[in-house]
Amino acid sequence: MYAQSIRSTGKAVQSLEDMSAEDRQFQERINRGEKIEPKDYMPAAYRENLIRQIGQHAHSEIVGQLPEGNWISRAPTLERKANLLAKVQDEAGHGLYLYCAAETLGVSRDDLFGMLHTGKMKYSSIFNYPTLTWADMGAVGWLVDGAAIMNQVPLQNTSYGPYARAMVRICKEESFHQRQGFHIMIAMAKNGNDEQHRMAQDALNRFWYPSLMMFGPSDKDSVHSAQSMAWKIKMNTNDELRQKFVDATVPQAEFLGLSIPDDHLNWNEKTNQYNYSEPDWNEFNDVLAGNGPCNTERLDARKKAWSDGAWVREGMMAHAAKKAERKAERQAV
């Protein structure tokens, strides 16, 4: 999900014998399962790859608030409003944890936002699709957060310490988000009336393939994963995670009385897995290129928030400077 457009070195993975002494020691630490900390030696490419992945992950959490935020006031009950508001607040916190983790690598938050606003850094493609009905809030929680969990749980064991530790709390909270979405789908698809069931099925139809795209391109087309996996920045291949998601989600859809929108979906007795149709990768690439249904709307909203919040940042900086000045005056006395 958070490495959809992340490229590492673009080269074959070096053997230990071909590495410099420092790089060899670094790789051996990773091979032993040790965590790399901010002040430890790390190759420049490792640092750059982490900045891109953590930055994209952080931006995805922040942009991910937008498809849900406009439903807070329109949720059907006060309880649903409170639950959705809590979820959006969680996502803001996830972004904060991740921006802090990225800052330990020597990149400023201002730089990260600058890269987002200029298109140099992406966010997950899923957030460029509209949320048209309340049932979409169920589908987003069930499918989108469900796919996120598949991606994020392995990242608790990623090699970079601050990133791995941030993921522990994020994963706990994401599990609640997924349950919240599934609860909405139960209310509509299993316990609701015919119209609510139809809305739930429509939401599944629209979000199924975009959710499969969250794991990134097919392994046969993802030629930049090998180095990330050798560094344990990425813990599983795209297709491994996508298959795991399909196998977990199909029985849930059956429980809800909903149909996966894939005519070729079937159980494979030999592999004990579901065979399924791949997403439209042309659509995936088009959305990543900025041509999705909501790309412009999402990015404009983030730019406006940055511009509207300038006075807050300026005030905080002025306060910090005044506080530092007073501290220096007291120390000089």
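How do the axes of helix α4 and helix α6 cross, and within what distance do they come? Hold that for a moment.

First, the ground rules. This is a predicted model: local features need pLDDT of at least 70, side-chain atom pairs count only at pLDDT 80 or more, and totals for chains, interfaces and linings use all residues. Residues are numbered from 1 along each chain as its sequence is written, and side-chain values use heavy atoms, with hydrogens and water left out.

Now, confidence. pLDDT is the predictor's confidence in each residue, from 0 to 100. The protein chain has a mean of 91, and 95% of its residues reach 70 or more. Helices here are DSSP runs (H or I, at least four residues), numbered from the N terminus.

Back to the opening question. Two packed helices are described by the angle between their axes and the distance between the axes. Axes are lines fitted to C-alpha atoms, for helices over the stretch in contact, and angles run from 0 to 180 degrees between N-to-C directions. The axes of α4 (residues 78-103) and α6 (residues 134-155) come within 13 Å and cross at roughly 40°. So α4 is oblique to α6. Under 35 degrees counts as roughly parallel, over 145 as roughly antiparallel, 65 to 115 as roughly perpendicular, and the rest as oblique.

Who touches whom? Contact means heavy atoms within 4.5 Å. From α4, Arg80, Leu84 and Lys87 meet Trp134, Met137, Val140, Gly141 and Asp145 of α6. By class, that contact has 4 nonpolar, 1 polar and 3 charged residues. Ala, Val, Leu, Ile, Met, Phe, Trp, Tyr, Cys and Pro count as nonpolar; Asp, Glu, Lys and Arg as charged; the others, Gly among them, as polar.

Next, α6 again, with a new partner. Helix α7 (residues 161-190) packs on α6 at about 150°, with the axes 7 Å apart. That makes the two roughly antiparallel. Their contact divides into 17 nonpolar, 8 polar and 2 charged residues.

Ile51, Gly55 and His59 of α2 make the contact with Leu112, Phe113 and Leu116 of α5. Here we find 4 nonpolar, 2 polar and no charged residues.

Now a single residue. Tyr209 lies in helix α8. Leaving aside residues up to four places away in sequence, Tyr209 touches Pro261, Asp262, Ser277, Glu278 and Pro279. Tyr209 and Asp262 are 53 residues apart in sequence, yet 9.3 Å apart in space, C-alpha to C-alpha.

Last, rings. Those of Phe, Tyr and Trp (its six-membered ring) pair if their centres lie within 6.5 Å; planes under 30 degrees apart are stacked, over 60 edge-to-face, the rest tilted. The structure holds 12 aromatic pairs. Phe26 and Tyr41 have ring centres 6.3 Å apart and planes at 90°, so this pair is edge-to-face.
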